[in-house]
Amino acid sequence: MKGVIKGVLAEELENSVRMKKSYEEALGKLPKGSLAIRKIRGHEYCYLAERVGGKVRYKYLGKLSGVERQKYVEATKIRAKYRKLLSQVKKQIKFLKGSLRGKQAI
Amino acid sequence: MESRQFELCLEVLRRFNKEKLLDKIILIGSWCLFFYQYYFKKENVRFSAIKTRDIDFLVDRPSKIRGPVDVPELLKDLGFVVQFKGNKGYLKLDHPELILEFLVPEKGRGTDKPYPLPNLGMNAVPLRFISFLSQNTIQIKYQNIPIIMPHPANFALHKLIIFQRRIKKEKAEKDRKAAVDVLSALIECGESRSIIHAYNSVPEKWRKKIMKGLRESEANEIIALLS
C-alpha cells in the first residue's frame, strides 16, 4: 500500500492530467486571434488579428455590433486565463510526477 | 493550506451566497475539516491538512433550489472548465486549485446515471449513505458567508462507514483518521451526547459498520461511549 500522502498525490496527478486535457480542449474551442479595430474615415471596422506561422494576419470581420465585439473581447480574456491555468497544471504535473518517483511510502 | 486555493474556495462560496444557493446546499468532504475548526472554537482543535482539491456540495432530493443559477457560467471567469467524468456524463468543474462536484443521496436500488440539476446547469453523482449527512446540519459564518455543513458527529460516523467501502487503501486510511480525529474533538469539547444521538439515529446495520470501523481504529474511548 502507498502511504496516505502518496495516495493523495497519485490521485492529484490523475486529476491534473485530466485537467490538462480539459484546458487544451477548451482552448481549442475558443476563437483564435484578438479583435483589432481600425477607424477609417470616421467608421470603425473590425478585424481578427491572428498569428499564422510567425506573421500576424488580419481577417476582415466588418462592422460589428457592441455585443459581437464583446464576445471577442471575452474570448481573448478567457483564452489568456486558460493559458495561464494550463501552464499551472503543467507545473503541477511535473511536480507531482517528481514527488511520486521516490520508492519510500509516505 | 495554499492561500490561492483557499481564496478561490472563498470566492466560489461568496458567489454561491450571492446567488442565494448556500442555504440550499451542504458543503461536504474534506473542506468541512477546515471549517469545523471554527465550529469547535478551540485553538487546539486542528485537523489533518492532507486533502485533495475536491470541493463537494450535497443537494437534497428533491432539490430545494428554485431560481436558475448557471453554475458553469457563474464560475467561468475564475477559470473553471466543465469536465465530463466517465462515460455516463457526470459533470465536474475543474480548476488547477479546485474540483467542484455536486452529489445527491442515492435512493432505491441505485443507478449509475447522473442526477440532473437543471436549475444549476449541472448534474450530480448519486451516492449511498450521504442522506445521513443532511439529517443533522450546522451552520457557521466565515467572513460573513453562511456555510451549511453536516454536524461533525454525522460527518465522522459517515466516514467510519464509507472508509470500509473504499477501493483505494490510502483514501480509506485518510477517511478513517479524519473520522477518529473529529470524534475525539467532539468528546474533548464536551459534545459526546451528539455522537450518541447520531449513532442511535442510524439503522442497526450501519451501527455494526461503525463499530467495526472503530475497532479497526482502536478508538477504545469512542467504543466505550457508544457501547
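**A tour of chain B**

Select helix H5 (residues 152-162) and helix H7 (residues 192-200) of chain B: their axes, lines fitted to C-alpha atoms over the stretch in contact, come within 9 Å and cross at roughly 55 degrees. H5(B) is therefore oblique to H7(B), the class left after under 35 degrees (roughly parallel), over 145 (roughly antiparallel) and 65 to 115 (roughly perpendicular), with angles running from 0 to 180 degrees between N-to-C directions. Helices here are DSSP runs of H or I with at least four residues, and strands are E runs of at least two, numbered from the N terminus.

The model is predicted: local features need pLDDT of at least 70 and side-chain atom pairs 80 or more, while totals for chains, interfaces and linings use all residues. Residues are numbered from 1 along each chain as its sequence is written, and chains are lettered from A and ligands numbered from 1 in the order in which they are written.

Next, display Ala153(B), Asn154(B) and Leu157(B) of H5(B) with Ser194(B), Ile195(B), Ala198(B) and Tyr199(B) of H7(B), which make the contact (C-beta atoms, placed from the backbone, within 7 Å).

Then turn to helix H2 (residues 31-40) of chain B, where Trp31(B), Cys32(B), Leu33(B), Tyr36(B) and Tyr39(B) are buried (20 or more other C-beta atoms within 10 Å of the residue's own, placed from the backbone). Lys41(B) follows H2(B) and has a positive phi, near 55 degrees.

Finally, show both chains: 16 residues from chain B and 22 residues from chain A form the contact. On the side of chain B, H6(B) gives the largest share, five residues.

Conventions:
Two residues are in contact if their C-beta atoms, placed from the backbone, lie within 7 Å. A residue is buried if 20 or more other C-beta atoms lie within 10 Å of its own, exposed if 12 or fewer, and partly exposed in between; C-beta atoms are placed from the backbone.
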